[in-house]
Amino acid sequence: MRGLELGLRDLVWDASRALLYGSVAASDEAMGNRVVEIDPATVRVMRSWPVGGDPNPLALSGDASRLYVGLDADGTVRAIDLDGGDVGPAFAVGTLPFRGETLRAMDLAVLPDDPRAVAVVRASTASTYVQGVSIFDDGVRRPVSTLEGSSTPVHAIAFARPGVLVGAN
């Protein structure tokens, strides 16, 4: 078995291109703070994108045109245009009401029928306190979020089909 010596934090499979995408921790000396595209047949990094502070969760759109990455260091999310190779601007996940604490993306899921919309599990940067799930359209948060301040937080999300988001804790 061959492997790459990378500090990967998350990994997603792109079936349309037969490639893997990984988020590389800030602590990795060679490729830190980047998202990498890996060819599993050759176990080589094909492309990489500098995305900023400590990339973590990844989510690939259903049409494989966009890859979203959550950045733990500053509580933002960025989208990578996989066809053009451009990294889009960062958008903030939010702050914890009454405390002003920055929230980060604990998990991400792209809406199956809209590559420009992403669901985000919003969590505290200082702990695992979850502040609900919000959907962002081109970086703009929709006015309604789920489970804000709930005692049964959702830590992982996935779309079962368009319009049905499933969460687990």
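Visitor: Is Thr 146 buried, exposed or partly exposed, and what is its relative accessibility?

Guide: In this predicted model, Thr 146 lies in the loop between β12 and β13 (156-161). Buried means under 20% relative accessible area and exposed means over 50%, with partly exposed in between. Thr 146 therefore counts as partly exposed, at a relative accessibility of 40%.

Visitor: Which residues does Thr 146 touch, not counting residues up to four places away in sequence?

Guide: The C-alpha atom of Thr 146 is separated by 8.6 Å from that of Gln 131, 15 residues apart along the chain. Leaving out residues up to four places away in sequence, the residues that Thr 146 touches are Gly 132 and Val 133.

Visitor: In what order do the strands of the open sheet that contains β9 stand, and which are its edge strands?

Guide: Four strands make up this open sheet, with antiparallel pairing, in the order β9-β10-β11-β12. An edge strand pairs on one side only, and this applies to β9 (103-110) and β12 (140-141).

Visitor: Which residue in β10 is the bridge partner of Asp 107?

Guide: Strand β9 and strand β10 (residues 117-124) run antiparallel and are joined by seven bridges. The partner of Asp 107 in β10 is Val 121.

Visitor: Which residue in β7 is the bridge partner of Val 69?

Guide: Another open sheet has four strands in the order β5-β6-β7-β8, with antiparallel pairing. Its edge strands are β5 (55-60) and β8, each of which pairs on one side only. Strand β6 (residues 66-71) pairs with strand β7 (residues 76-81) over six bridges. In β7, the partner of Val 69 is Arg 78.

Visitor: Why is the pair of Tyr 21 and Trp 49 described as it is, and what is that description?

Guide: The structure holds two aromatic pairs. In the pair of Tyr 21 and Trp 49, the ring centres are 6.4 Å apart and the planes stand at 40°. Planes under 30 degrees apart count as stacked and those over 60 as edge-to-face. The pair of Tyr 21 and Trp 49 is therefore tilted.

Visitor: How many residues apart in sequence are the parts tied together by Phe 91 and Phe 136?

Guide: Phe 91 and Phe 136 form a tilted aromatic pair, 5.1 Å centre to centre and with 35° between the planes. Phe 91 is buried, and so is Phe 136. Because Phe 91 lies in strand β8 (residues 91-92) and Phe 136 in strand β11 (residues 130-137), the pair ties together parts whose separation in sequence is 45 residues.

Visitor: Is Asp 14 buried or exposed?

Guide: Asp 14 also forms a salt bridge with Arg 17, and the closest N and O atoms are 2.7 Å apart. Arg 17 counts as partly exposed, at 28% relative accessibility. Asp 14 has a relative accessible area of 0%, so Asp 14 is buried.

Visitor: How many residues apart are Asp 138 and Arg 66?

Guide: A salt bridge joins Asp 138 to Arg 66, the closest N and O atoms being 4.0 Å apart. Asp 138 lies in the loop between β11 and β12 and Arg 66 in strand β6, a separation of 72 residues.

Notes. Residues numbered from 1 in each chain as written. Predicted model: local features only at pLDDT ≥ 70, side-chain atom pairs only at ≥ 80, totals over all residues. Heavy atoms only, no water. Pairing = 2+ DSSP bridges. Helix = DSSP H or I, 4+ residues; strand = E, 2+ residues; numbered from the N terminus. Phe/Tyr/Trp six-rings, centres within 6.5 Å; stacked < 30°, edge-to-face > 60°. Buried < 20%, exposed > 50% of the residue type's maximum accessible area, 1.4 Å probe, protein only. Contact = heavy atoms within 4.5 Å. Salt bridge = Lys/Arg side-chain N within 4 Å of Asp/Glu carboxyl O.
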